[in-house]
Amino acid sequence: MKKAIVIGATSGIGKGISNLLVENLFTVGITGRRTNLLQEMKTEHLNFFEIATLDITEVNTIEIKLNELVKTLGGLDLLIICSGTGDLNEKLEFNIEQKTIETNILGFTCVADWAFNYFEKQKSGHLVGISSVGGLRGSRFAPAYNASKAFQINYLEALRQKAKKSKMPIIITDVRPGFVNTEMAKGEGLFWVAPVDKAAKQIFKAIRNKKKVLYVTKRWRIVAGLLKRIPNSLYEKM
Ligand SMILES: NC(=O)c1ccc[n+]([C@@H]2O[C@H](COP(=O)([O-])OP(=O)(O)OC[C@H]3O[C@@H](n4cnc5c(N)ncnc54)[C@H](OP(=O)(O)O)[C@@H]3O)[C@@H](O)[C@H]2O)c1
């Protein structure tokens, strides 16, 4: 039976993918700060979920907690980083930017590094990060959020390069959602908002197919292509 850890499994995409992994006979270590939600999930799949309360901004505790969780699971084949935060912050309130950086950059890096080093020692494994289409350009509405997603995209590319160089079967998948119907999908004028189930299914399929980059849903690839092509002089005015 395959073993996975989902970081940020208490709601949204992480919860959806955790349940789908169990349906596909994975044993899953589910993590997040809200212990009550982890316990609720475990009551539904007693033998398939192991829980660990974990705040990824507390980087000094990550290594110990993940090592313990892997021991309980009895191994690790797949780790998915779904945790994330992001608020609209047009007024540049620093506490919002700080929380975003601590979660999406500091915490993300700490978990990604732990996973890569674990898989390197094991000589195989699969790391998945949920970045965002937002990471492709800056945003005056949520500067730290988009910048943190750009960091994740770039960091995952670096790890993929490192994996290739090692010649080991270590797979790195960068999932870039547009909008998914979760607590995080904020603001007005949202479009092509995918249900969580649909997003989870597409992510699971991409994991099985060892994809490097996935847009969720697939038509967001078109938006990504357009975003990348908008000239700077025009983008500045938007
Ligand atoms: N929804 C969208 O439209 C959308 C679009 C693009 C990208 N994304 C990305 O998709 C990922 C999942 O987000 P979602 O939409 O599923 O939102 P969500 O329902 O708000 O889920 C966020 C998850 O992150 C966890 N989390 C937040 N801060 C954490 C921390 N400090 N330590 C540990 N876990 C933490 C939360 O768990 P606890 O609160 O229990 O800790 C929760 O499980 C995020 O990285 C987000 O940026 C979402």
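**Reading the loops, strands, core and ligand shell**

User: Thr217 is found in the loop between β9 and α7. What kind of peptide bond joins Val216 and Thr217?

Analyst: A cis one, with omega at about -10°. Helices (H or I, at least four residues) and strands (E, at least two) are DSSP runs, numbered from the N terminus. Keep in mind that this is a predicted model: local features need pLDDT of at least 70, side-chain atom pairs count only at pLDDT 80 or more, while totals for chains, interfaces and linings use all residues. Residue numbers start from 1 along each chain as its sequence is written.

User: What is the phi of Lys167?

Analyst: It's positive, about 60°, although Lys167 is not a glycine. This residue is in the loop between α5 (143-166) and β6 (170-177), and it counts as exposed because it has 8 C-beta neighbours inside 10 Å. Leu25 also has a positive phi, near 65°. Leu25 lies in the loop between α1 and β2, and with 9 C-beta neighbours inside 10 Å it counts as exposed.

User: Which way do the residues of β2 point?

Analyst: Thr27, Gly29 and Thr31 go one way, Val28, Ile30 and Gly32 the other, and all are buried. Pairing takes at least two DSSP bridges between two strands. Strand β1 (residues 3-7) pairs with β2 in the parallel sense over 5 bridges, with Ile5 opposite Gly29.

User: And how many residues of β5 (residues 125-130) are buried?

Analyst: 6 of its 6, so to speak a mostly covered strand. Strand β4 (residues 78-81) pairs with β5 in the parallel sense over 4 bridges, and Leu79 stands opposite Leu127.

User: How many residues are in the largest nonpolar core?

Analyst: In soluble globular proteins, nonpolar side chains tend to be buried together. A nonpolar core is a set of buried Ala, Val, Leu, Ile, Met, Phe, Trp, Tyr and Cys residues joined through C-beta atoms within 7 Å. Here the largest has 52 residues, and those with the most contacts inside it include Ala4, Ile80, Cys82 and Val216. Helix α4 (residues 94-122) gives the largest share, 7 residues. A contact means C-beta atoms, placed from the backbone, within 7 Å. Beyond its neighbours within four places in sequence, Cys82 is in contact with residues including Val6, Gly8, Ile13 and Ile130.

User: How many residues surround the ligand?

Analyst: 30, and the closest are Gly8, Gly12, Gly32, Arg33 and Gly84. A residue counts as near if its C-beta atom, placed from the backbone, lies within 6 Å of the molecule. The largest share of the shell, 3 residues, comes from α1.

Conventions. A residue is buried if 20 or more other C-beta atoms lie within 10 Å of its own, exposed if 12 or fewer, and partly exposed in between; C-beta atoms are placed from the backbone. Two residues are in contact if their C-beta atoms, placed from the backbone, lie within 7 Å.
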